[in-house]
Amino acid sequence: MNDNQVLLSVRNLTKYFPLKRGFFEQRQVTAIKAVEDVSFDLFCGETLGLVGESGCGKSTLGRTILQLYQPTAGQVIFDKTDITKVKREGLRKLRQRMQMIFQDPYASIDSRWTITSIIREPMRAHSLYTPKEQVKKVSELLELVQLSSFYMNRYPHEFSGGQRQRISIARALASNPDLIICDEPISSLDVSIQAQVVNLLDELQDRLKLTYLFITHDLSMVRHICDRVAVMYLGSLVEMADQDDLYNQPAHPYTQALLSAVPIPDPRKTRSRKRIILEGDPPSSINFPSGCRFHPRCWLAQEICSQNVPSWREIQKNHWIACHLA
């Protein structure tokens, strides 16, 4: 991987959801700070894992990158173009190169459409191929995701959850994208099916030269598929590093707590490992604590942690962290 080949640059990306009050004249009284001041680079051909607790803003970040949510502030630079400033028609053309695989294969597929219509829709939307070529492409994509083209005229209710997710993957590939944001694509599937879908995504990446942002809360699966891992807490990144560095030498206390909860298939190692139990619940996304957001739950917290917001800094090559004590 060439470090100079940056496909996606996210700079200080922020997304607030306003909370309004009033019957006739609604006025904003506060806001849910779903994502705040997130910055990272995504290189061509790599897989960046984004992990964190449920509700920390992972999915919101992914949707804001694709402009499904309008960002409150910040930049999303895709292939040297700031897509936050691109008008509607230009954004539609760029979206051909950016696709998303959603979490729930039952909700993300229209049950009234045939499989051909579902997979064909991105081609129609972007005016790709002739109608006859589109049908041929649907057949090829089904074979690519290891489903028979015999199923082309069937409906989603005739398929299992794993098969539906394969159809979602085929739909994401229909517009020949460079970047795919995978929003917890395996969390709703049986454990026996999860590995098959992850292996399929891995094979497709090698074959089609794809770049993934892989959003999940499954840290054991992240280690299998990702090149780098970014850890998110309450809407902000707290640590990002190469996969081996993060798992072998986690520097942020929150990352250490997450990794201590990952099951290990060796009983002796499990008994000898110290489990870190975080006390309390995450603070509200409406009213963050002062200083470091993690300090109310951190067993290492000192006075500076409650007073100053930690800066996003590089503690060693390709290892970034937001912590005063690292």
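I began with the lining of the largest cavity, whose residues divide into nine nonpolar, three polar and no charged (Ala, Val, Leu, Ile, Met, Phe, Trp, Tyr, Cys and Pro count as nonpolar, Asp, Glu, Lys and Arg as charged, and the others, Gly among them, as polar). I note that this is a predicted model, in which local features need pLDDT of at least 70 and side-chain atom pairs count only at pLDDT 80 or more, while totals for chains, interfaces and linings use all residues. Residues are numbered from 1 along each chain as its sequence is written, and side-chain values use heavy atoms, with hydrogens and water left out.

Cavity. I looked up the residues that line the largest cavity and found His252, Cys292, His295, Cys298, Cys305, Cys323 and His324 among them. A cavity here is a set of points, on a 1 Å grid over the protein atoms alone, where a 1.4 Å probe fits but cannot get out, and lining residues have an atom within 4 Å of a point. The count comes to one cavity of 30 Å³ or more, and the largest holds about 70 Å³ of space, a volume being the space filled by probe spheres set on the grid points, which are joined across faces, edges and corners.

Helices α5 and α6. I then turned to α5 (residues 161-173) and α6 (residues 191-208), which pack at an angle of about 20 degrees with their axes 10 Å apart; helices are DSSP runs (H or I, at least four residues) numbered from the N terminus, and axes are lines fitted to C-alpha atoms over the stretch in contact, with angles from 0 to 180 degrees between N-to-C directions. The two are therefore roughly parallel to each other (angles under 35 degrees). On the α5 side Gly162, Arg166, Ile169 and Leu173 make the contact, meaning heavy atoms within 4.5 Å, and by class the contact has eight nonpolar, two polar and one charged residues.

Helix α3. I found that α3 (residues 115-125) packs with α5 at an angle of about 30 degrees, with the axes 7 Å apart. Ile115, Ile118, Ile119 and Pro122 in α3 meet Ile167, Ala170 and Arg171 in α5, a contact of six nonpolar, no polar and one charged residues. With α4 (residues 131-144), α3 packs at about 115 degrees, with the axes 9 Å apart.

How values were computed
On a 1 Å grid over the protein atoms alone, a cavity is a set of points where a 1.4 Å probe fits but cannot get out, and a pocket is an open set with protein on both sides within 12 Å along at least five of seven lines; lining residues have an atom within 4 Å of a point. Angles under 35 degrees count as roughly parallel, over 145 as roughly antiparallel, 65 to 115 as roughly perpendicular and the rest as oblique.
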